[in-house]
There are 2 protein chains.
Amino acid sequence: MSSLQSPRVTVRRLPERGHYDRASLDAVLDAGFVCHLGLAVEGQPYVIPTIYGRSGDDLLVHGSAASRTLRLLGKGVPACLSVTHLDGVVMARSTFHSSLNYRSAVLLGTAHPLEERAAKREALRAITEHFLKGRWDESRQPTDREVDATSVLRLPITEASAKIRVGPPSDDEEDYALPIWAGVIPLRLVADSPVPDPRLDPGLRLPPSAQSFLERHR
Amino acid sequence: MSSLQSPRVTVRRLPERGHYDRASLDAVLDAGFVCHLGLAVEGQPYVIPTIYGRSGDDLLVHGSAASRTLRLLGKGVPACLSVTHLDGVVMARSTFHSSLNYRSAVLLGTAHPLEERAAKREALRAITEHFLKGRWDESRQPTDREVDATSVLRLPITEASAKIRVGPPSDDEEDYALPIWAGVIPLRLVADSPVPDPRLDPGLRLPPSAQSFLERHR
């Protein structure tokens, strides 16, 4: 299996938590829809939360054509894209070994802007479908003017790592005898009952895209 | 009221979502415990998820003394720290106006390492208490050796913005007549029933820190 590993993405502390195969990486990427995108302007890093999608070997990020971040990245500035899922609070007996259970992905590379309208439209479809499966065909799709007003960046998946922690705390052996509660509080992102738009025609029913999202976030 | 605003943190797209006062910022920071920390090494940005705490006018981040990231930042490299809470999926009638409800904070500055053991210990206490109120006194506190093995960075809160979106979708006026469902799917981070460590003395009860965390993540 081809590896996404490089010295820059190698997990150095607790290396057993690092994974460099596409299946591990894609499992983390496909479970989420918000990433933190990093770029640097004259040595100053910026970290911006944004929606993403995946299409084959590319990660796709979009934003307003007016967005400073995407404009700068569009010139080919190096980028870092991180996706993090919080799975639990790991309460060890010692503060030193207290931790989180999580699944995270970090990708490095150079992001390039999509220029062609058709390619941008297809990328916007992929981002929407990654986020809300089926929504593209349910919704009023973007006009040419809206596509032109949107920047889309493509970051090829070539250099990346996934980092995963699961399971109970790992205390120092001598601490297990201490009378201190230890364990894991599981965490998950949950969707509550949808709130219809105040202006919604009450005859319209919740669409399949929303039902599918609710099932994946129960 | 003093402002945290600067050109670098000003919200340019949809400026009505930007807030620059400490109360707005602290509300976002205090509602979370995981940030995405950005730094740049020779133009390449890195974005790393990590636990944080707040103590007065400082944000505090810790990691292994072996961590490349914290080592580099410790030299005084510029940093960016982002905290993001997902509050809902905003399903507009048009894909163009589909969005998320969220609260996010972005801080810029230069992070400096704490050198004194007593200051580091106090910072570790603040991080633990930010995360799990009461846990510091419940747990086996760090030894000098553990404190020495941990890097702690302090980022003064001087230049920052909070960005908040709430409420229903905002569609183009002519789209409201379309027969497309629109509304918000609320999202929240939820804690499930704690899973005791397999080696836990069954006589030990769930401590107040965990009970408090559960109450805040129901």
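**Exercise 1.** Find which strand of chain B is joined to β10(A), and by how many bridges.

*Solution.* Begin with the pairing: 5 bridges link β10(A) with strand β10 (residues 183-191) of chain B, and the two run antiparallel. Next, pick out one position along the pair: A:A191 sits opposite B:L187 in β10(B). Keep in mind that this is a predicted model.

**Exercise 2.** Work out how many residues each chain brings to the contact.

*Solution.* Chain A supplies 78 residues and chain B supplies 77 residues. On the side of chain A that touches chain B, strand β10 (residues 183-191) gives the most, with 9 residues.

**Exercise 3.** Name the residues that touch the most other members of the largest nonpolar core.

*Solution.* The core holds 108 residues, and the ones to name are A:A105, A:L107, B:V89, B:A105 and B:L107. Now follow B:L107: leaving out residues up to four places away in sequence, its contacts are B:L59, B:C80, B:L81, B:L155, B:I157, B:E159 and B:A160.

**Exercise 4.** Decide whether A:E42 is buried or exposed.

*Solution.* First locate A:E42, in the loop between β2 (34-41) and β3 (44-55) of chain A. A:E42 has 7 C-beta neighbours inside 10 Å, so A:E42 counts as exposed. Finally, look at the backbone: phi of A:E42 is near 50 degrees, a positive value in a residue other than glycine.

Conventions:
Residues numbered from 1 in each chain as written. Chains lettered and ligands numbered in written order. Predicted model: local features only at pLDDT ≥ 70, side-chain atom pairs only at ≥ 80, totals over all residues. Contact = placed C-beta atoms within 7 Å. Helix = DSSP H or I, 4+ residues; strand = E, 2+ residues; numbered from the N terminus. Pairing = 2+ DSSP bridges. Core = buried A, V, L, I, M, F, W, Y, C linked by C-beta atoms within 7 Å. Buried ≥ 20, exposed ≤ 12 C-beta atoms within 10 Å, placed from the backbone.
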